[in-house]
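Here is a short note for a colleague who is opening this structure for the first time. Please keep the view open while reading the points below.

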Amino acid sequence: MRRGSAPSSARTRRHGGDAVGAGLNAAGDGPEIPVILTGDRVLLEPLTPADAPAIHRLIHDAETQRYMLLGRTAPSAQTWIAQLADGWPRQVAWGVKFKPKPVSPELGVRPQPPFGVVGLWDLDWLARKAEFRIVLGAERGRGIGTEATRLVVAYGFSALALMRI
């Protein structure tokens with residue numbers, strides 16, 4: 001079986017993750033966006049305006065900027081989140097969070113800010129390829145980036161039917 005041709009029930013399961021909302025959109029001509037991807041320790045959720053303070057800290061952190069392209073200034077977090085939300089079908093991105101654990105049955109799950117951003121940029125639908133990007137804050141070196149990478153790459157090959165990432 002070729003990449004991108006797996007039955008929908010096996011798409012993300014064979015890669016150790018789960019995609020919520022990974023079916024076709026209402027028009028039936030592309031994947032449903034936004035999609036939430038979950039792994040063993042990681043939750044990838046679309047960024048929202050409420051994530052702006054955490055993203056501001058991330059993209060303006062000196063250690064994080066070491067790994068970003070030289071000569072670029074970091075945009076405001078609100079502008080960047082809006083650009084990511086409006087970027088489909090050329091890009092799709094998620095905030096990287098730890099998979100939440102319920103505090104108690106009464107309190108449910110506490111919302112948490114993202115500590116990273118991961119996604120596929122420069123989607124080329126004719127060539128069926130995309131560029132993978134990831135930016136992590138202080139959580140680097142703990143395997144979180146590896147898990148987030150696996151989830152996004154599996155989503156790209158399965159749900160988006162890309163051939164190269």
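1. A term first. A residue is called buried under 20% relative accessible area, exposed over 50%, and partly exposed in between. A161 has a relative accessible area of 24%, so A161 is partly exposed. Keep in mind that this is a predicted model.

2. Stay with A161. Its place is in the segment after α4. The phi of A161 is positive, about 55 degrees, although A161 is not a glycine.

3. R128 lies in the loop between β5 and β6. This residue is not a glycine, yet its phi is positive at about 55 degrees. Is R128 buried, exposed or partly exposed? Its relative accessibility is 32%, so R128 counts as partly exposed.

4. Now the strands. β2 covers residues 36-38 and β3 covers residues 42-45. The two run antiparallel and are joined by two bridges. A hairpin of three residues links β2 to β3. For T38, the bridge partner in β3 is L43.

5. β3 has another antiparallel partner in β4, residues 92-98. How many bridges join β3 to β4? There are four bridges. In this pairing, L44 has V96 of β4 as its bridge partner.

6. The largest nonpolar core holds 21 residues. L37, L44, W94, V96 and L120 have the most contacts inside this core. Two or more residues come from each of β3, β4, β5 (116-124), β6 (129-136) and α4 (144-158). Which element gives the most? That is α4, with five residues. A second core is separate and has 13 residues, including I59, A77, W80 and L84. As background, nonpolar side chains in soluble globular proteins tend to be buried together.

7. Finally, helix α3, residues 77-85. Its buried residues are A77, W80, I81 and L84. Why are these on the same side of α3? They span an arc of only 100 degrees around the axis, which places them on one side of the helix. Among the elements that cover these buried residues are α1 (52-59), β4 and β5.

Technical notes. Residues are numbered from 1 along each chain as its sequence is written. This is a predicted model: local features need pLDDT of at least 70, side-chain atom pairs count only at pLDDT 80 or more; totals for chains, interfaces and linings use all residues. Side-chain values use heavy atoms; hydrogens and water are left out. Two strands pair if DSSP finds at least two bridges between them. A nonpolar core is a set of buried Ala, Val, Leu, Ile, Met, Phe, Trp, Tyr and Cys residues joined through side-chain atoms within 4.5 Å. Buried means under 20% relative accessible area, exposed over 50%, partly exposed in between (1.4 Å probe, protein chains only). The arc is that of the directions from the helix axis to the C-beta atoms. Contact means heavy atoms within 4.5 Å.
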